[in-house]
Amino acid sequence: MQRMLLDYTQSSMSTYTADCSGVASALYELGGMTVIHDASGCNSTYATHDEPRWTTMPSAVYISALVEMDAVMGNEEKVVNDIVEAVREVTPAFVAIAGTPIPTMTGSDLKGIANLVEKRTGTPAFAVATNSMRPYSVGVAMSWIEIARRFTDESIVDKTHDINFMGVTPLDFSMGAMLDSLYSAAKKAGFTVKADWAMRSTLEDLAGTLAARVNVVVSASGLPLAQYYEARYGMPYVVGLPIGDLAPRWEKAIRFAMEKHRSVPLKDFLGKDAGGSSIAIVGEPIQAACTAAANNLVIPASTHALSVLPSLGADASILTTDLSEDTLRETLKDSSTLAADPLFNIIANEARCLHTVSFPHEACSGRWYSKDVVDILNVDAFRQFQQNLNGPISQF
């Protein structure tokens with residue numbers, strides 16, 4: 001039985017989106033069916049509260065509607081039959097089955113359920129070993145690796161495009177202009193984009209990932225996928241974002257990966273920049289690290305990056321990840337300014353930070369502050385954010 005991870009709990013603030021919701025988000029636009037094996041009545045959590053696209057585009061996100069007696073008696077045949085019936089009605093490209101706490105505690109065989117569904121329907125089906133006790137990025141990463149294993153077109157030889165983006169979901173990139181800005185940065189640098197894992201791309205696009213020369217990892221959730229493609233197909237990757245004055249460095253790193261056929265991890269992209277303690281940026285690991293590094297190009301040794309999320313391998317000197325609330329609170333005592341989702345304001349108050357800057361993250365606060373998400377990939381928006389970040393300190 002999978003071990004329950006109970007370190008992802010909070011006392012002073014809300015938790016981040018859970019791993020099972022990360023599965024639904026990662027696969028939302030790919031034409032498959034996502035089934036969350038969970039209690040009856042909980043589907044709105046995955047389909048609405050953790051998913052901003054539900055008002056603009058449909059997706060087959062289902063719940064197994066587990067009831068107490070089925071959970072106690074281990075009635076998995078009912079789950080299999082329900083999924084098979086839904087598959088025959090919807091005809092999805094694939095079926096993904098994700099777990100939650102109750103099936104994990106009762107030892108549900110998600111992989112066995114997936115095998116039975118595939119055998120009875122002929123539709124590719126796989127299980128994602130989530131348990132709702134880890135953050136969304138873990139579920140996103142596991143989902144995409146399953147898609148890569150199942151659907152990558154290994155017959156592709158010609159490199160018709162320059163890059164793929166890996167790590168794009170609205171949980172990190174919102175639904176605003178941030179993704180547009182990322183594409184604009186690629187176009188400005190002269191790069192063509194084959195696939196975007198996984199917004200605005202189809203399953204067919206993702207299957208053609210090998211048609212690009214380099215994978216560009218733009219959030220930690222995309223790094224395990226990039227490492228999979230490197231290990232299996234020798235495809236190099238670059239970890240980083242073209243924020244502010246980091247844009248020329250970003251272009252240079254991608255061209256280096258193309259020419260030398262070598263990967264550029266986050267620690268190499270950001271170099272020896274260890275930051276400083278006066279300004280803290282809390283958020284998604286890669287976004288926070290690159291934002292802090294871009295600010296250090298203006299005010300050297302001023303800014304460091306923190307995250308309560310796991311790095312998933314995106315490590316750098318400037319970045320501290322997987323922080324508990326207590327550790328984060330203690331770390332912030334040396335910082336006079338905190339840029340973070342407004343839900344962190346209570347932590348800032350407890351740590352006595354003098355100045356807070358709003359840096360909303362939809363995986364943290366959902367729709368509450370989504371209109372205020374900072375497009376850090378837009379030059380003007382980032383400059384304004386920097387002015388707020390480096391401005392005069394006032395009493396919190």
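Biologist: Which residues line the second largest cavity?

Modeller: That cavity is lined by H49, D50, E51, P52, L171, E362, G366 and R367, where a cavity is a set of points on a 1 Å grid over the protein atoms alone at which a 1.4 Å probe fits but cannot get out, and lining residues have an atom within 4 Å of a point. This is a predicted model, in which local features need pLDDT of at least 70, side-chain atom pairs count only at pLDDT 80 or more, and totals for chains, interfaces and linings use all residues. Residues are numbered from 1 along each chain as its sequence is written, and side-chain values use heavy atoms, with hydrogens and water left out.

Biologist: And what lies closest to the centre of the largest cavity?

Modeller: Its lining has 16 residues, and D172, Q287, P360, H361 and V373 are the closest to the centre.

Biologist: Switching topic, how many residues are in the largest nonpolar core?

Modeller: There are 112, a nonpolar core being a set of buried Ala, Val, Leu, Ile, Met, Phe, Trp, Tyr and Cys residues joined through side-chain atoms within 4.5 Å, with buried meaning under 20% relative accessible area for a 1.4 Å probe and protein chains only. I163, F165, L182, W197, L266, L270 and F344 have the most contacts inside this core.

Biologist: What does F344 touch?

Modeller: Apart from neighbours within four places in sequence, F344 is in contact (heavy atoms within 4.5 Å) with M13, Y16, V282, V308, L328, L338 and C364.

Biologist: What about the second core?

Modeller: That one is separate and has 16 residues, including M33, A60, V84 and V95.

Terms used: Buried < 20%, exposed > 50% of the residue type's maximum accessible area, 1.4 Å probe, protein only. 1 Å grid on protein atoms, 1.4 Å probe; cavity = no way out; pocket = protein on both sides within 12 Å on 5 of 7 lines; lining within 4 Å.
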